[in-house]
Amino acid sequence: MEDKLVTLAILTYAKAQILKNVLENEGIEAYIHNVNLIQPVISSGVRLRIKESDLPHALQIIESSAWLSEDIIKGKESSSERNKEKRKVLIPIDFSNYSLKACQFGFSFANAINSEVVLLHAYFSPIYVPTIPYGTDNFNFQIEREESVKSMIETVHNELNKLSDTIKKKVESGEFPNIKYTCILRDGIPEEEILRYAKEYNPQIIIMGTRGRSQKDIDLIGSVTAEVIERSKSFVYAIPEHTPLKTM
């Protein structure tokens with residue numbers, strides 16, 4: 001009997017690529033349908049399809065993943081549902097030593113106040129499309145840009161796996177407390193996505209490194225951190241990289 005394809009989710013193109021990479025790394029073939037061939041990077045409402053026999057395994061991967069963003073599949077929750085949930089400690093991450101130190105403080109703080117941790121990573125994928133006539137050169141440009149975005153998403157996926165492994169080892173060694181955490185992926189300018197999430201979900205505190213991966217040693221505080229401190233209505237705690245941790 002033929003193993004037909006079924007739709008696992010209807011997502012934006014960027015989110016479909018993330019989920020596709022996750023599934024394929026677990027041995028599940030996934031296909032993206034209904035892509036806008038002229039502007040594939042900004043397609044919305046694309047279908048991620050898999051073989052029907054792989055559906056139970058795919059759902060298990062999604063439900064058991066420690067970092068796969070809940071809003072990729074489940075969508076946004078209502079404000080009443082968010083208010084019923086346990087308050088969260090928000091930790092923006094960029095996979096630098098600064099954000100790892102923020103994780104160390106954030107996990108300890110969340111454990112002390114019986115809260116959960118949300119790790120937020122924002123990646124920026126330019127979607128500007130020049131207004132030039134459609135033709136072979138333009139089509140090749142679109143394909144190259146699509147490959148560039150796919151490569152970037154794969155890099156984010158690999159970095160998240162590394163971070164997840166690092167956190168797991170630190171939990172096993174007792175360096176981090178064993179508490180619930182999730183990771184949110186958002187496509188956009190980092191400071192804007194951090195502020196948007198804080199406005200939507202009102203975390204108890206935002207804990208982040210003073211500088212990001214791209215900052216120079218002479219910078220006292222990174223531009224993203226400074227912007228969040230200035231504009232956030234939530235309390236922001238900025239952690240220098242070499243700050244010692246005192247257990248609460």
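**A tour of the salt bridges**

Start by selecting R186, E193, R196 and E200: a network of salt bridges links these four residues. Here a salt bridge is a side-chain nitrogen of Lys or Arg within 4 Å of a carboxyl oxygen of Asp or Glu. By this rule the structure has 8 salt bridges.

Before you move on, note that this is a predicted model, where local features need pLDDT of at least 70 and side-chain atom pairs count only at pLDDT 80 or more, while totals for chains, interfaces and linings use all residues. Residues are numbered from 1 along each chain as its sequence is written, and side-chain values use heavy atoms, with hydrogens and water left out.

Next, select E192 and R231, whose side chains meet in a salt bridge with an N to O distance of 2.8 Å. This pair links distant parts of the chain, with E192 in helix α7 (residues 190-201) and R231 in helix α8 (residues 223-231), 39 residues apart. Helices here are DSSP runs of H or I, at least four residues, numbered from the N terminus. E192 is partly exposed at 27% relative accessibility, and R231 is partly exposed at 39%. Buried means under 20% relative accessible area, exposed over 50%, and partly exposed in between (1.4 Å probe, protein chains only).

Now go to K20 and E24 in helix α1 (residues 13-25), 4 residues apart and so separated by about one helical turn. Their closest N and O atoms are 2.7 Å apart in a salt bridge. K20 is buried at 13%, whereas E24 is partly exposed at 34%.

Finish with E175 and K170, joined by a salt bridge at 3.2 Å, N to O. K170 counts as buried at 17%, while E175 is partly exposed at 39%.

Methods: Helices (H or I, at least four residues) and strands (E, at least two) are DSSP runs, numbered from the N terminus.
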